[in-house]
Amino acid sequence: MLNSYEDLFARVHLDVGACSRPAIMLALRESLRRFCIDTDAMRVTLPAFAAVAGQASYALPMTLDCHARTIEWLRQGDPVNGDSGFVNVGAYMLDRSTPNTLVFTYGRTPIASKANIFLARVSLIPNIHPTGIEADEFFVEQWSEAICQSARAYLKNQKTASWYDPQGSVECTRDYWMHVGRARLSNFTQGRVMNFVADDIGD
C-alpha cells in the first residue's frame with residue numbers, strides 16, 4: 001500500500017510542486033475514502049466465520065483497516081462443497097452503533113440444522129486514522145487517476161496556497177466525477193445479488 005501511495009504522490013506532486021509531502025499524502029488518503037463513499041467500489045468477500053444457532057450479532061472478520069459500509073450479500077452453508085444459500089436481505093443489517101458488526105433483525109437468528117459457516121461480501125470505506133493497510137494495491141492502481149484527481153482538486157482549491165488554481169480544481173473535479181460514473185456503472189453491470197431467500201434463518 002505504501003508503494004501505491006508513493007506512486008500517486010509523485011503524480012500529484014507534479015501539479016502542486018510547492019505543496020508539502022504530508023499534505024499531499026493526507027489528501028490522497030482522504031481522496032481514497034471519498035471515492036469509496038461516492039462509489040461503493042471497494043468490495044471484498046470476507047473470510048468465512050462461524051454461524052452460531054440463536055446468536056443474533058456477529059463481528060465481521062475484517063482483513064483491511066476499513067469499516068463496512070454495506071453488505072452486498074450473506075450466505076450460510078458450506079461454500080467449499082457448493083452447499084450454501086443466500087440469506088434473505090431483509091433478515092440482517094449492519095449495526096451502526098458498533099462498527100463492523102452484523103446483526104439479524106426481527107428476532108431472526110441462524111438455526112441449528114444448517115451448516116455453521118457464514119460468508120459475506122461487503123463494500124468498504126478506509127478508516128479515518130488508519131494504522132494498517134486500507135486497500136489492496138490492485139484497487140488503488142485500478143482507480144488511481146480518480147484518487148489523484150480528487151486530491152488535485154482539493155489541493156488546487158486552497159486559496160492561500162501558492163499553487164491555488166480554481167479553474168484547475170474545477171477541471172479535476174469534473175474528471176473525478178467521470179471516474180465515479182465509471183465505477184458506479186461497473187458496480188451495476190457486475191450485478192448485485194438481491195432478494196435471494198434461503199431457509200437458513202429461523203423465525
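Tutor: A patch is built from residues with over 30% relative accessible area and no salt bridge, like charges being joined within 9 Å, where a salt bridge is a side-chain nitrogen of Lys or Arg within 4 Å of a carboxyl oxygen of Asp or Glu. In this predicted model, local features need pLDDT of at least 70 and side-chain atom pairs pLDDT 80 or more, while totals for chains, interfaces and linings use all residues. Residues are numbered from 1 along each chain as its sequence is written, and side-chain values use heavy atoms, without hydrogens or water.

On the surface, Asp 7, Asp 136, Glu 137 and Glu 141 gather in a patch of negative charge. One of these residues, Asp 7, belongs to helix α1, which spans residues 2-13 (helices are DSSP runs of H or I, at least four residues, and strands are runs of E, at least two). With a relative accessible area of 46%, Asp 7 is partly exposed (buried means under 20%, exposed over 50%, and partly exposed in between, with a 1.4 Å probe and protein chains only).

Glu 134, by contrast, counts as buried, because its relative accessibility is 3%; Glu 134 sits in the loop between β8 (117-126) and α3 (137-142). The side chain of Glu 134 makes a polar contact of 2.4 Å with that of Arg 29 (a pair of N or O atoms within 3.5 Å, one able to donate a hydrogen and the other to accept it; residues adjacent in sequence count only if both atoms are side-chain atoms). A polar contact of 3.3 Å also links the side chains of Glu 134 and Tyr 5.

Technical notes. Patch = residues over 30% accessible without salt bridge, like charges linked within 9 Å, V, L, I, M, F, W, Y side chains within 5 Å. Areas by Shrake-Rupley, 256 points an atom, 1.4 Å probe, with all protein chains shown as cover. Lys, Arg positive; Asp, Glu negative; His and termini not counted. Charge placed at Lys NZ, Arg CZ, Asp CG, Glu CD.
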